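Hi everyone, thanks for coming. Please bring up the structure on your screens, and I'll walk you through a few of its features.

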Amino acid sequence: MANFKTHLTGGFAVSGVLGLITYKAGLVDAQQFLMCVLAGTVGGLLPDIDSDNSTPIKMGFDFVSLATAFALVIHWRSELSLVSMILLWLAGYGFVRYGVFAIFTRLTVHRGIIHSVPYMLVLALGLTCLNFYIFDIPAIISWFYGSFLLLGSLVHLCLDEAYSVDLLNRRLKRSSGTAMKFYQDSQRYYYLGLYTILLMFIFISPPFEPFFEKLTDPITWWVLKDEILPQVLMRNI
């Protein structure tokens with residue numbers, strides 16, 4: 001299994017290169033390019049959130065715990081004294097960081113249902129719908145964000161599968177096939193629910209046609225062709 005640094009580097013590198021391609025093709029602006037790279041990098045870490053001791057899950061719960069604590073204090077700030085706000089902050093942080101974290105780690109198993117392709121599809125479509133319906137981001141850009149998240153997570157799964165092959169001894173490790181999976185019979189009911197959620201997201205997702213037409217538009221790739229080489233070299237060709 002690849003380590004945290006490998007997943008972080010892989011997700012960032014692949015999403016960075018493809019992000020630059022989409023930016024130079026005029027598909028996204030500078031800010032959207034950065035968000036695409038961020039989504040791809042985060043996606044490169046997501047499959048390991050089911051590991052109790054992984055860096056992504058600890059970082060994620062630290063962030064959510066701090067955000068929850070500050071949200072509680074901001075919401076009740078006008079009704080509480082300074083000491084009460086400090087106690088509320090500590091209670092909110094402790095509840096999420098230790099209480100919710102303990103429940104989450106008990107309910108999840110590393111390389112379980114979270115570490116699968118359909119789960120990553122659900123997260124990607126969830127991000128797409130969140131951007132489109134909640135943040136009022138255009139459908140095309142919403143699909144780009146979701147696609148980059150999925151891309152990063154697939155890079156993670158592919159890296160794990162690659163690390164499960166021992167090329168020197170020409171054998172497969174025991175972890176082979178546990179990363180890039182679509183179904184596991186021992187968790188059939190969980191997968192049934194997961195695919196049900198996936199179908200729901202597909203049904204309510206924003207229009208896909210504009211995104212597909214933008215990607216397949218010949219003008220898009222003509223623009224990219226003109227941006228591949230420096231203009232000085234282009235004039236000499």
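Let's begin with the chain as a whole. Of the 237 residues in the protein chain, 38% are buried, where buried means under 20% relative accessible area, exposed means over 50% and partly exposed lies in between, with a 1.4 Å probe and protein chains only. Please keep in mind that this is a predicted model, in which local features need pLDDT of at least 70, side-chain atom pairs count only at pLDDT 80 or more, and totals for chains, interfaces and linings use all residues. Residues are numbered from 1 along each chain as its sequence is written, and side-chain values use heavy atoms, with hydrogens and water left out.

The protein chain has ten helices and two strands; these are DSSP runs numbered from the N terminus, helices being H or I with at least four residues and strands E with at least two. Reading from the N terminus, the order is α-α-α-α-α-α-β-β-α-α-α-α.

Now for the surface. Which residues make the nonpolar surface patch of about 850 Å²? They are Leu 130, Tyr 133, Ile 134, Phe 135, Ile 197, Met 200, Phe 203 and Ile 204. The elements giving two or more residues to this patch are α5 (117–134) and α7 (188–204), and α7 gives the most, with four. A patch like this takes residues with over 30% relative accessible area and no salt bridge, joining nonpolar side chains (Val, Leu, Ile, Met, Phe, Trp, Tyr) within 5 Å, while like charges are joined within 9 Å. A salt bridge is a side-chain nitrogen of Lys or Arg within 4 Å of a carboxyl oxygen of Asp or Glu. The areas come from the Shrake-Rupley method with a 1.4 Å probe, and for residues only the protein chains shown count as cover.

Let's zoom in on one patch member. Tyr 133 sits in helix α5, and Tyr 133 counts as partly exposed because its relative accessibility is 47%.

Move along to Asp 136, in the loop between α5 and α6 (139–163). Asp 136 is not a glycine, yet has a positive phi of about 55 degrees. Is Asp 136 buried or exposed? With a relative accessible area of 66%, Asp 136 is exposed.

My last stop is a charge over a ring. Arg 97 lies over the face of Tyr 98, at 5.5 Å from the ring centre; the cut-offs are NZ of Lys or CZ of Arg within 6 Å of the ring centre and within 35 degrees of the ring normal.
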